[in-house]
Amino acid sequence: MSDEPPNNPSPADPTQLDRARRSLLRAAAWGGGIAGIGGLVGLSANRLARRTPAREAATPALGREFTYDVERFQTSDPALLRFVETARFPAGLERARNLTAGPDGSIWVVGTGGIRKFSAAGELTLAIPLDRPVYALALRASGEILAGQAGQISVLDAKGGVLTVWSDLPAGLLPTSIAIAGPHILVADAGNRVVLKLDATGNKTGVIGARDPDRNLRGFVVPSPYFCVRMASDGLLRVTNPGEHQIESYTLDGDLEAAWGTGSFAVAGFCGCCNPVSFDIFPDGSFVTCEKGLPRVKLYDSAGGFTGLVAGPEAFPEYLQAANAGTPHSLGSGIYAAIDPAGRVLVLDVVGGTVRIMQRKEPKP
Amino acid sequence: MTGGSNIGERHYPAQHPLNDPPKPGPSPALNRRGLLQAGARGLGLLGFGAAAGWLGARESKSDTRWQINPDLCIQCGRCATACVLQVSAVKCTHSYGVCGYCKLCTGYFEPEPINLDEGAENQLCPTGAIKREFIEDPYYEYSIIKELCIGCGKCVKGCNMFGNGSLYLQVNHDLCVNCDSCAIARECPALAFVKVPATRPYLLRGKGAAGK
């Protein structure tokens, strides 16, 4: 009988040693596993702690003098409103970029995804998918469609079939607005900051608005891709000069005749660095203008006197939310307006992706 | 048969241990030693692994930097107040390629300036950290005086709201202590602080970015 207790095996016992070794390895494996899991938990907790923000509201951390505040300009006097919204419908494009009213009352919206035509009531009647974004559209009397795309102008038939593409145009062309004046096609080229004058077949016949001190032309200041041209019933072109906060009048030969507009956050002026971004002209020569930054659609008489609002900033809550959140603007933030044959103002809210139909509240005095 | 051998049969010297007859069991001393050796090897491996992990972690820390994604930044002002440095390492950055060189720069001027000139009453920046220089009519160039900028983002908000977003905030890595425990990142309500490779530590807009 051994002197050692039975539960205290002899170290010489190979089975016991093997068991001990296995136990040790098992313990080490468990320990390693637990330590590994602990490490992973710690690492995840650390990462989570890093990425979990202070969830208090994003209130300014600094005093008023360090805070950009234009809130006082983001509401308007209701007494200035001359129009009321009667309908709205989604533009249905990946990104809407412009709109035009057809002579038959149709509403045309263009952007990333192509062209969409709506009835005067807002029902979709035609969709023309196009690979390249469309920035501007004009309708010829023949029914042909001129679609402005980066570097080219596509000519489509009334059903959207491509007839031809005018691509032999100045490098850097970004056509953000197209107007038709008899045989002339006027293209606001935001890329080159001039208005191109084309003939009916797309050949360049002139340039309007290039800087030329000898002709008293200071040039167009177009800091961002918002540049608009319209033909007025008085035979003069109207062109925005957004960096100068003005709308300028030119002859078709390129002579500057007049200009109006001032830069101001106040309701009668054009706010920010570069406004208006678009406009249209009523048959009586008065204007509807659109501004970005403070989304405002406003009315001016033919001499540029402020007469009222179509819609104030509060009519565009999604836009204001994006602006106040500090998200970057540029291409996605324009507001566009067109006047249809019934005198309604069609407003494209790019941020909201909707077309608003605005009806005059009272007979125009 | 003497002197003969079968093919494949191996012969070892008489004293070779492999010629020894099998022993009844491992000796206690040898097994204890083996156990200790195994333990030492295990510990050594563990230590090596831990050291490698630690060094790896340290390496990954030095391989990345905290930076502000300008598309997520909401200019809340915390960059100016939360940095461990007395004056924040976050500064305004200007991408000239994106800038419109506006006469009425909404990042430089108060919303309703009295005049479009460099008068202090017209300037938006509370520390006067933006320099305005005439280039040619009607264009002006704006540059950031880093020593004066505190990273409050007031100018950034004005530029984003009305302009092209050419002004934006960035962590300046010549000032950042790179502690990897960024106090601003913890406070950022917009989750705009992200880790970027140390070899490309800035998230710049457009071309021709400067001011960093």
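Predicted model: local features only at pLDDT ≥ 70, side-chain atom pairs only at ≥ 80, totals over all residues.

Look for one facing couple: A:Gly148 stands opposite A:Ile153 in β8(A).

Now widen the view. β7 and β8 of chain A belong to an open sheet of four strands. Read the order across as β6-β7-β8-β9. The pairing in this sheet is antiparallel. As a rule, strands of a sheet pair through backbone hydrogen bonds, either parallel or antiparallel.

Which strands stand at the edges? They are β6 (136-139) and β9 (162-166) of chain A. Each has a single partner strand, so one side of each is left without a neighbour in the sheet. The sheet also twists: the average is 20 degrees from one strand to the next.

Chain A has 24 strands and two helices. The chain is divided into domain 1 (16-44) and domain 2 (76-360). How far apart do the C-alpha centres of domain 1 and domain 2 of chain A lie? They lie 71 Å apart.

Two figures describe chain A as a whole. Of its 365 residues, 39% are buried. Then take the contacts between residues at least 6 apart in sequence. Among these, 46% join residues at least 24 apart.

Notes: Residues numbered from 1 in each chain as written. Chains lettered and ligands numbered in written order. Domains from an automatic or database assignment. Buried ≥ 20, exposed ≤ 12 C-beta atoms within 10 Å, placed from the backbone. Contact = placed C-beta atoms within 7 Å. Pairing = 2+ DSSP bridges. Axes fitted to C-alpha atoms, helices over the stretch in contact; angles between N-to-C directions.
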